Every structure is written in structure tokens, then in C-alpha cells.
Amino acid sequence: MMSTCEDGVVARAVAAHDADEATAAETELYRRFAPRVRLFGLKHLADRSSADDLAQQVMLVVITRLRAGEVREPDQIGSFVLGTSRMMVAGQRRGERRRTAITARVEVYEEAVQPASDLALDGMRIAPCLEGLRERERTILLLTYYADKSAPEIAAAIGMTAVAVRVGRHRALASMRECIETRRAS
Amino acid sequence: MTGTRMPCPSFGELADYWTSDITTADAEQIEAHVFDCERCARMLAEADRLRAGISDLARSGNIQAFVTDDVLNRLARDGVRVRYYALNPGESVRCAVWSDDDVLVTRLRGNFAGVESVDAEMRLESGEEWAHTKDIPLPDGATELVMALPAALVRTAPTIPMRLTLRASDTSRRERILAEYVFNHEGALERG
């Protein structure tokens with residue numbers, strides 16, 4: 001089972017001569033790393049669709065280079081994917097963004113990634129959990145994630161120290177996570 | 001060569017990745033770890049869904065909280081339809097929620113000097129409690145609290161006067177009433 005293998009084993013299998021094994025390995029590699037590249041893109045690019053594009057472009061480059069035997073250390077595939085992500089984002093920032101032709105193969109890989117309906121379901125669980133927080137913690141989360149304010153800015157707005165804001169944010173997130181998990185289980 | 005892998009960050013530390021507080025060096029450290037650790041990659045994705053979910057809730061007008069002008073500015077940028085009221089201590093206001101409102105915001109003015117946090121309690125004319133909130137933070141020298149309620153929630157409120165009482169929540173001043181306001185709620189109204 002490819003899904004239980006170490007990342008390096010999967011990476012080496014992409015370059016395998018056996019076509020069936022290579023295809024299964026490509027899909028598994030995509031399942032593991034495309035979401036991470038997408039998260040990286042969300043941090044460094046403007047929007048979710050750009051992050052989606054980045055994930056597809058990076059994974060196509062990674063798979064192509066693995067197939068061509070151009071990845072010297074397949075056991076360090078995570079570092080290679082991250083490095084490729086950084087280079088492609090830097091390239092986009094320099095205005096050299098090129099639209100790679102997205103092959104039909106990407107659609108096959110995409111089926112291995114979490115469906116969007118799961119995300120919507122999480123949204124439905126978030127509302128009651130946010131409501132259940134202490135007022136102070138709810139305000140901190142709204143200012144952090146909706147108003148995009150830093151801890152010092154929030155501290156000044158609500159009369160706390162920046163350290164207390166960070167501590168309150170961590171506590172609020174832990175409560176939210178526990179609440180969502182409980183609701184997911186029930 | 002394999003370097004020493006950093007220990008898995010906590011969920012809160014990973015969630016800091018999505019804030020404007022994180023330094024470039026800390027973000028790069030989290031990225032290096034996450035590309036080598038599927039478990040932490042899943043937690044980082046979870047933190048992303050959480051922050052996106054909170055933003056989506058606010059953007060859809062589903063905010064029941066005491067907020068600041070930063071949140072109101074963001075609501076305005078997002079095109080959320082906000083109805084505003086403002087009251088001084090002891091004042092009453094005729095209020096209603098219209099069919100095209102998303103959020104109702106009330107600026108509760110008062111003298112909050114020396115108060116670190118307040119408790120708010122909303123009671124119906126009969127004395128029955130409709131809502132209460134404890135430990136609302138406010139900065140030194142604050143002269144107002146900004147209360148945001150989802151229009152959908154207010155549409156379900158009874159059409160009778162409601163009294164909002166603010167008390168200092170510091171232990172030493174627990175019984176100290178800071179201000180009272182009366183909302184003469186006239187219900188949910190349709191345009192045209």
C-alpha cells in the first residue's frame with residue numbers, strides 16, 4: 001500500500017519503470033504534498049485560486065523532475081517540494097508568472113484531495129463553537145482572523161498586553177478545536 | 001544529509017502562521033517542518049479552515065460579539081449591511097430590524113474610566129433574561145462599547161422594551177452599575 005510508505009519511498013516509486021506503480025505513486029505524492037503547497041500559496045499569494053494554481057504547477061514540476069531522475073535526494077522530497085514552491089512564488093512576484101498547461105492528469109490527482117463539502121461542514125460547526133467562547137477570546141479571534149490585526153494592535157484596542165492576546169488566542173483556538181472535534185464526533 | 005527535525009509545534013503555534021504576528025524566520029521554520037510532517041500539515045490546514053470559517057461567519061453577518069471599529073471597517077469593505085444605533089447612559093431608543101439588514105450595531109456610550117472589563121445583561125420588560133455576556137474587554141479610557149448582533153437573531157426577539165445593563169466585572173466592583181439603556185424593539189420590518 002503506497003499510502004503507508006515513507007515520503008522518500010513514494011518519491012522513488014514515481015521514477016519506477018513499472019507504469020502502474022509510477023501512476024499510483026504520483027497520485028499518492030500529489031495527495032500528500034499538493035495540500036501543503038496550497039497552504040504555502042495561501043500564505044504567500046493573493047487568493048485561494050492562485051494557491052490552487054500554485055499547487056498544481058509545483059506538483060507537475062516535481063513529478064516531471066522525479067520522472068527525469070533530476071531529484072538527487074528523493075528521501076528529502078519535502079524539502080524539494082518546498083524549495084520548488086518558494087522558487088515559483090518568487091518567480092510570480094518578479095512578474096514572470098507563466099501559466100503552465102494543466103494536463104488532464106491533474107484532475108485525476110485532485111480526486112485524492114479532500115472534497116470541498118468537508119470544508120463547508122466545518123464552517124457549520126464553527127458558528128456554535130465561536131459562540132461558546134468567552135467574550136474576550138471571541139473578540140481576539142475576530143480581530144485576528146477577520147480584521148487581520150496583529151497582537152499589539154489588538155492589545156491596544158481592547159486593553160490587554162500583546163502577550164496576553166497571544167495567550168488568549170491560543171486558548172481560544174484550543175477550545176474551538178476541541179468543540180469542533182466533539183461536534184464532528186457526535 | 002538529514003538535519004535534526006524540530007519538534008511538532010502546538011496547534012496554536014501553527015495557527016500563528018496565519019496571523020500578521022509571525023516573523024519571516026518563524027514562518028519559514030513552520031514551512032520546513034510542515035513539508036516534512038504530514039500530521040502538522042493537516043493541523044495547519046485545520047487552522048486555515050478555522051480562520052477562513054471565522055471570516056466567512058463575520059462576512060455573512062453572523063457576528064454576535066462586542067467588537068471594535070476595525071471589525072466594522074472590515075464589514076463595510078465586505079459590503080455587509082449594518083444598521084447603527086447609538087445610546088448614552090439612561091437613554092432609550094425605538095429600534096427595529098429591516099429585511100435587508102445583516103448586522104445591528106449599537107454604540108453604547110458611557111464613562112468606563114478605570115474599568116478593565118464589563119458584564120452585559122439584557123432583560124425583557126418582565127424581568128426575564130434574554131441574553132448576558134461576561135468579561136467584555138475594553139481599553140483604558142474607553143467611552144463606548146460596540147455591540148454587534150446578527151439581524152437574524154434580532155428578528156426573533158420579542159417586540160417589547162428590553163433593558164441592557166452594564167456592570168463593572170472587576171471583582172471589587174461587581175455590583176457597580178455603569179450604565180443602563182432601553183431598546184423599544186419594534187420587531188422585524190419589510191421594505192416597501
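## Contacts and fold of chain A

Among contacts in chain A between residues at least 6 apart in sequence, those joining residues at least 24 apart make up 57%. The model is a predicted one. Of the 186 residues in chain A, 41% are buried.

Chain A has 9 helices and 0 strands. Its pattern along the sequence reads α-α-α-α-α-α-α-α-α.

## Where chain A meets chain B

The two chains touch through 45 residues of chain A and 45 residues of chain B. On the chain A side, six elements each supply at least two residues: helix 2 (19-44), helix 4 (77-93), helix 6 (116-131), helix 7 (135-146), helix 8 (151-158) and helix 9 (162-185). Helix 7 of chain A gives the largest share, with 10 residues.

What is the make-up of the side of chain A that touches chain B, in nonpolar, polar and charged residues? It divides into 24 nonpolar, 8 polar and 13 charged residues.

## The sheet in chain B

Chain B holds an open sheet of 4 strands. Their order is 1-7-4-2, and the pairing is mixed. Strand 1 (65-67) and strand 2 (82-87) of chain B stand at the edges. Each has a single partner strand, so one side of each lacks a neighbour in the sheet. From one strand to the next, the twist averages 25°.

Strand 1 of chain B runs antiparallel to strand 7 (residues 144-150) of chain B, and 3 bridges join them. In strand 7 of chain B, B:Val146 stands opposite B:Val67.

Key. Residues numbered from 1 in each chain as written. Chains lettered and ligands numbered in written order. Predicted model: local features only at pLDDT ≥ 70, side-chain atom pairs only at ≥ 80, totals over all residues. Pairing = 2+ DSSP bridges. Axes fitted to C-alpha atoms, helices over the stretch in contact; angles between N-to-C directions. Buried ≥ 20, exposed ≤ 12 C-beta atoms within 10 Å, placed from the backbone. Contact = placed C-beta atoms within 7 Å. Nonpolar A, V, L, I, M, F, W, Y, C, P; charged D, E, K, R; others polar.
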